[in-house]
Every structure is written in structure tokens, then in C-alpha cells.
Number of protein chains: 2
Amino acid sequence: MSLAFDGFYRGKNVLVTGGLGFIGSNLAIHLAGLGARVTVVDSSIAGCGANGFNLDSAAAAVRVVACDIADTEQVRSALEGVDLVFNLAGEISHIHSMLFPERDLQINTVAQLRFLETVARFAPRIRVVYASTRQVYGSPQYLPVDEHHTVEPADYNGVHKLAACHYHTFLTRIGRIDALVLRLSNVFGPRMALSIPCQGFLSVFTARAMLGQPITVFGTGQQLRDPIYVDDACEAFLRAGMAVNPAVRVINVGSPEVRSLKEIAGEFSQMAGLPAPELRPFPDDLKAIDIGDYYTCNSSCQRVLGWVPTTPFRAGLDNTLAYYAGRLAHYLPDHAQGRCPLHP
Amino acid sequence: MSLAFDGFYRGKNVLVTGGLGFIGSNLAIHLAGLGARVTVVDSSIAGCGANGFNLDSAAAAVRVVACDIADTEQVRSALEGVDLVFNLAGEISHIHSMLFPERDLQINTVAQLRFLETVARFAPRIRVVYASTRQVYGSPQYLPVDEHHTVEPADYNGVHKLAACHYHTFLTRIGRIDALVLRLSNVFGPRMALSIPCQGFLSVFTARAMLGQPITVFGTGQQLRDPIYVDDACEAFLRAGMAVNPAVRVINVGSPEVRSLKEIAGEFSQMAGLPAPELRPFPDDLKAIDIGDYYTCNSSCQRVLGWVPTTPFRAGLDNTLAYYAGRLAHYLPDHAQGRCPLHP
């Protein structure tokens, strides 16, 4: 974390939804380190990536409430005295959403509506920072992708996450909450779920690197991406929590380092002493929702948050593999990449 | 109806969802007149505007199935042998959506997801024409509003209708259905619900004109609108049903005649022999979701559908008031503008 945050978070009461998940748990740990009083709300829905072990290093400093954000009564109680909300609860898997669209709608839209209505009623006008995704843009029509780019979600997950984004922005415009939305590029790092192969290529590559299994890439491998290290994503959240009256309420956040999937797979393979990645034809279901090249225009991030992601990809990758070494049993309990709990 | 449609609809099996409602019933009657075999599906949810009397003039020619579009089994049965779907089921009231957001989500998003999954599974790749709304754009950033305009819904209804629009477009891109989406401006004409004051200003103005009650306008009355007569909206649907492989899947449709709300209220008042409209301050709940000026760029409509709306506003207004004369008991049973069934 490059920034001291000048004591802003010291003593603040902060709620992190989805705080047992990948980014949420990293954020909760950073917040505890900055002196915040952190409450995590998480319902540990199978397939979404919650893992109690994620908070192992901060167990004494973080209060965990097992509840769904759609549970008005429990959320109301958890919101008492809260100064800020980091809203990261959700399902990120595009594949799960295409297999079980109503499940995705329930988790990403219905529950968010109920949660934000609860916030607006019982903790009105507090800052909410929401984890949105590049996924809402669909296939880029130009690069880098800025916030004015047409939204054209490519799958159910994108539609449902976009609806939740619009909840945040319109409720802010009418003065019922005070939200900022971060549209994150692909995030990687410690505490990613490795046992859910439908959570994206960075999770799959990490699992295979840790298990010593050769990595495969679908298609030509030429698709560009800008993977962002999780500490940078957390810094974006922390800065968004502090931004005073920002004129812009939707901010793209990605890494300035752009690489092809094949290059990314190559770096994972090299670090793990694996053979070069193998290219394989796209399975039909994945091809249908593939979006081609994507990388982020960080100019709003620079302007509104005063900063852009800084961790070099290679350093992030080092940290990631170092984290899992010795902790693999907590992420891949069978010492083999898991089958998805949703379609075993 | 300016077009013979060259027999395209003769003998076609057509399903109209929301076919007891305002636009749906007008469309069903036009389709029956063109020789189509029409099935209407409608669940008559209170507050959405269904009225059995709307199909009175075509009762023998139109089959009515009382079912919710979310009911997979009944929809599957209704879809048997169907060649085209006109998908107009929904709740249009912005005010209802702000009072009962989860109800709006259920009607406009959850039910549409289930309906389209049923279509994709049991009647794959058939043409679906969906009734979307200018509401998804929010406050215009430029005029006239084309389909590239940023979507920034101003209320729950807009968020939920936009999600359903995205279902139609992404399922079309991946080849599971073949949809066209019409983003309609404010529509008026015979068969509007008059007893639901939350359905928009054209319904309110019509009810007051018929009842001989002076019309009031909120704010300065200078907000521009392009009200489209319902027969023109129906022609847009019929043309969209026929469009072969259109490159564009979202089409704005509005009237080329642009007027201020005050002028529109003035024409209603004049036709009904009422005093000039009175201006009143905006109530807070309406002001919060007001979008300012709006009028439509019809160039995609012209290019893809080969036509733009043609009915002069004044002629549409004549037809509208003439329709309700003698039928008012079916639309305002208490001979007073109803209180909304949702918040009496």
C-alpha cells in the first residue's frame, strides 16, 4: 500500500460486503491495518468464492457477520454506526451466470436492490463504494476503454452487474446514498478462490501454476488484458472511500501494463517452471461470450482518485505465488484443481 | 395504418405479451386485421394497465391466455407453432417503481429473463420485438437522442427495463433469439389506462380532458416531448417484425412533432373546452426523477424500418378523445379519475 491515508480510516466504522471473498478480504485486512473497525458481511454462497481462511491473519481485528445482504433486518443491525460501506458482495462468474441466470440475477441484482434500500433508509447518504466490472462494456469498440464507452453486456452476469451499478448511480443522483462505482479490470493476487474454475483465467492460471500443471489458453492467445494486482484494487477502493464530492461517480480501474493472454500464461508458466502454454480452440460456450481485447483508460482514476495502479505485474505474480505456497490446502483442499461446486 | 404489409402477417401465428394493455391491445387488433392468428398473453397485474375491454372489438379474432410471462409451462404451451413474438408485457410507471422497487424488478426483469429463456429453449431464433422506452437514457445530454446516447436510467423502472433490453440484445448476439428492441417515446391514443394516474402525463391529460377537469402541468411546462400516436407505435412493431437481418437491434421511435408539455396540455384543454392549463411547482418525488427535455432521433427508424411516424399530433388527439367518448365507463368506472390501485 503506497499511501498512508493520513489517518482517514483510523477509528472509522467500515462495513465490507463480500468480505470473505477475494478482493473483499484483502480490503478488510488493509482497513484493519489502517486502524478501521471492520465488519464483514458475507453469506458464503457456494460458487462465489468466500473462504473463511482469507481473514485468518486478521481474525482478531475483523468482525464477521454471516448474513445475506438481502436480509434487511440483519443488514440494518450491521449498519448501526457505520461510516462507510465497501460493497463487494456478488457472483463474478460469467459461466455460472449463463448456466444459472436466475441465481445470478438474485445475487447480483435482487440482493443489491434490497441492500441499497436498507442503506438508504437506515444509513442515508453514507459513502458506498461498489465493485463493478469491465464486463458491463462487452466487446470494446475502441481502446483503451473509458467510462463513456457504450455499455453492452455480453452475458447475464454483465447485465445484472450493470443494473446494480445503475442502482448506485441513480440513487446517488437523487440524494438517497453517496456512491462511487469502480469498474475493475481482471484482478489477481492472494486470496483468489482457486477451487472454482469458472472464476476466470487468472484463478485458473494460478491454480495450475501452484499444482505444476501445464497451462492452456483458448483461441489465439492474442487477446489483450490489463490484470490489476489486488493491492492496487484495494488502494482504489480506499481512495474512493475518501473522495470528497467527486463529480464523476463511475471510474474504470485497470493496470497500465497490457499483455496478451499468451504472454500472461507464459509468465505464470515460467515462474512455476512449467512448459510453454498450449493453445487450444475455444469451447463454443466460452467463445460466445468472449469479448476480444480489453484494456483500461485510467484517466478518470488519475483525475478523481489522484493515482493509478502501480504494482508491476511480475511483482504481483511473485507475491501471489508466494502467498499460496504453504497455504494451498486452504484453497485447493484436494490438491487438485476443484470441479465447480455448481456443476460437479 | 399506412402500410399493407404485403400479406406478411396473413396466417402467421403471433404472440403478443401484455396484449390486454394499451399498446399491446392496439397491436393485437391491427394484427388480427392483417389476417394474423393472434394469441395474447396477459396476467393482468394490478397497476399495469390491462383491461379486458381493450380487445372488445376483436374478441372473436384474438385468443387470450391469462398467464404470467414468468410461467414457463404455460408460456411454453402458448409458444407452440408461434412465428413471431411481440413482447409488451411490463410495468411502465416510474412512480410505482420508486414506491415498490422489488415489484418492478419482478415484473420488468425477473419475468423477462424467464420468458426469454423459455423462448430461447422452445422457440429458438424466432423474431421477438420488445417494447423498451426512452426512459433508459435518463436526462438527455444532447438532442435529439439517438441510440448511441449514454444510458443512465433515472429510476428503478429505467434500470429494470434496460436490463430486459440487454437480455434481448445479448441473447440475439449469441444466436439464441432474434430480437429487435424499440425504444419508444411517450405513446398516447385509444385504450390507454385512464384510471391509473401514475402512468404518465398523457394518461392524466386524457382522463382530465374526458372528465372536463382543468389540466395542471408541473414545473415551467417548457420540457419538450415528442408524443407518438399509438397507431404509429404499432406500425413500428409490425415493421420490426418483418425486418430481415437488421444490422441494428435497438431503434428509437418517436414523433417528428416536438412540443412543450404546456403546449400539449394546451391542446388537450382546447379540444375539451377547458381553461388554459395551470402551472404548479413540481412535487419533490417527481422532480427527483424528471429528465428535462426529450425528443427522438428517428434516423435508425427511417433506415432500418424504412419509415417514420406520420400521424399529426392533433389528429391523434382527435382519435383519442373520440374513442373514449361513449366508452368512458370502461376506463373510468367511477366517472372520476381513479386513485392508483397500488397506493390508495
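## Packing of helices α6 and α8 in chain A

In this predicted model, the crossing of α6(A) and α8(A) is right-handed. Helix α6 of chain A spans residues 201–211 and helix α8 of chain A spans residues 261–271, and the two pack with their axes 9 Å apart at an angle of about 25 degrees. Because angles under 35 degrees count as roughly parallel, that angle makes α6(A) roughly parallel to α8(A).

On the side of α6(A), the contact is made by A:F201, A:F205 and A:A209, while α8(A) contributes A:L261, A:I264, A:A265, A:F268 and A:M271.

In chain B, B:R225 lies in strand β9, which covers residues 224–225. B:R225 has 23 other C-beta atoms within 10 Å and is therefore buried, the cut-off for a buried residue being 20 or more.

Leaving aside neighbours within four places in sequence, B:R225 is in contact with B:N186, B:R259, B:L261, B:I264, B:Y294 and B:Y295. B:R225 and B:E257, which are 32 residues apart in sequence, lie 8.5 Å apart in space, C-alpha to C-alpha.

## Relation of the two chains

## Confidence of the prediction

Chain A has a mean pLDDT of 94, with 96% of its residues reaching 70 or more, and the model scores ipTM 0.94 and pTM 0.95.

Notes
Residues numbered from 1 in each chain as written. Chains lettered and ligands numbered in written order. Predicted model: local features only at pLDDT ≥ 70, side-chain atom pairs only at ≥ 80, totals over all residues. pLDDT = per-residue confidence, 0-100. Helix = DSSP H or I, 4+ residues; strand = E, 2+ residues; numbered from the N terminus. Buried ≥ 20, exposed ≤ 12 C-beta atoms within 10 Å, placed from the backbone. Contact = placed C-beta atoms within 7 Å. Axes fitted to C-alpha atoms, helices over the stretch in contact; angles between N-to-C directions. Parallel < 35°, antiparallel > 145°, perpendicular 65-115°, else oblique. Left-handed = near helix turned anticlockwise from the far one by under 90°.
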